Amino acid sequence: MIYLADTADIEALKKLYSFFPLEGVTTNPTILKQSGLKLSKAIAEVINIVGKGMIHVQVLSNRAEEMVAEAKKYKEYFDLGNNYYAKIPVSVEGYKAMQILKDAGINVTATAIFTQQQALVASRAGADFVAPYVSRLDNISSHGIEVVADIVTNTVEFDLPTRVLAASFKTVDQIHRVSMVGAHSATIGPDLLMQLVAHPMTDISITQFEVDGKDLYDI
Ligand SMILES: O=P(O)(O)OC[C@H]1O[C@](O)(CO)[C@@H](O)[C@@H]1O
């Protein structure tokens, strides 16, 4: 599983990119709102940090033609080439837009996915990534991990080129589980990414090594 940062918090992103092997960044309107930045500034800053990584930018329109126009505008404005992914919600208009965008050679990430069938239809519509919302499913007494597992099974059994981008996490355990069911990728907020690599026993072990080796390393 590859990791993407789900944030437009520029300082958090800089810190993460200094050590975490990330493959890109995802944003959505809510994430932008939290960052306090307008789209042009936020994505320009993200590009400075991410370099050649993937950048997934969500459209705001809800009509297919407008989604397509928006996606094309962002690709050109930010000059991202093949690293740009247009995030398109899986509405009726969204599925229409996905097919037009694929025909135009623009990468597509299908978002706001809550069922395996939504993901399969998005995949057939040409989505490069499908993003099921794990926590939001768990929060309505559904089972986010099972939905991710079903989508992964479909991609394997039907030999689909689509990759599963698990999203909407609240716990490290959810991330552990999506990786165990074979999700190709996960987009994760800064706090949880930091928690993924932290363990108190690691800290204790490192401290002990420092103490024990202090006077012994003489070259
Ligand atoms: O439930 P949350 O934490 O708002 O997450 C929704 C998720 O959907 C996405 O828009 C999918 O890429 C992510 O950016 C975000 O993690």
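## The cavity and its lining

Helix H6 gives the largest share of the lining of the largest cavity, four residues. Helices here are DSSP runs of H or I with at least four residues, strands are E runs of at least two, and both are numbered from the N terminus. H6 (116-124) and H8 (144-157) each supply at least two residues of this lining.

A cavity is a set of points, on a 1 Å grid over the protein atoms alone, where a 1.4 Å probe fits but cannot get out; lining residues have an atom within 4 Å of a point. Volumes are the space filled by probe spheres set on the points, which are joined across faces, edges and corners. By class, the lining has five nonpolar, four polar and no charged residues. Ala, Val, Leu, Ile, Met, Phe, Trp, Tyr, Cys and Pro count as nonpolar, Asp, Glu, Lys and Arg as charged, and the others, Gly among them, as polar.

## About the model

This is a predicted model, in which local features need pLDDT of at least 70 and side-chain atom pairs pLDDT 80 or more, while totals for chains, interfaces and linings use all residues. Residues are numbered from 1 along each chain as its sequence is written, and side-chain values use heavy atoms, with hydrogens and water left out.

## The largest pocket

Now to the open space. A pocket is an open set of grid points with protein on both sides within 12 Å along at least five of seven lines. The largest pocket has a volume of about 560 Å³. Its lining counts 27 residues, and Asp6, Ile31, Gln34, Ser168 and Lys170 are the closest to its centre. Helix H2 (29-35), strand E8 (185-188) and helix H10 (190-196) are the elements that give two or more residues to this lining, with the largest share, four residues, from H2. The lining divides into ten nonpolar, eleven polar and six charged residues.

## The ligand

The space taken by the ligand is the largest pocket; a molecule sits in a pocket if more than half of its atoms lie within 2 Å of the grid points. Among the residues around the ligand are Asp6, Thr26, Ile31, Lys87 and Thr187, where near means a heavy atom within 4 Å. This shell has three nonpolar, five polar and four charged residues.

Oxygen atoms of the ligand lie 2.9 Å from a side-chain N or O atom of Asn28 and 3.0 Å from one of Tyr133. For Arg136, a polar side-chain atom is 2.7 Å from a ligand oxygen.

Notes:
Polar contact = N/O pair within 3.5 Å; in protein donor to acceptor, adjacent residues only side chain to side chain.
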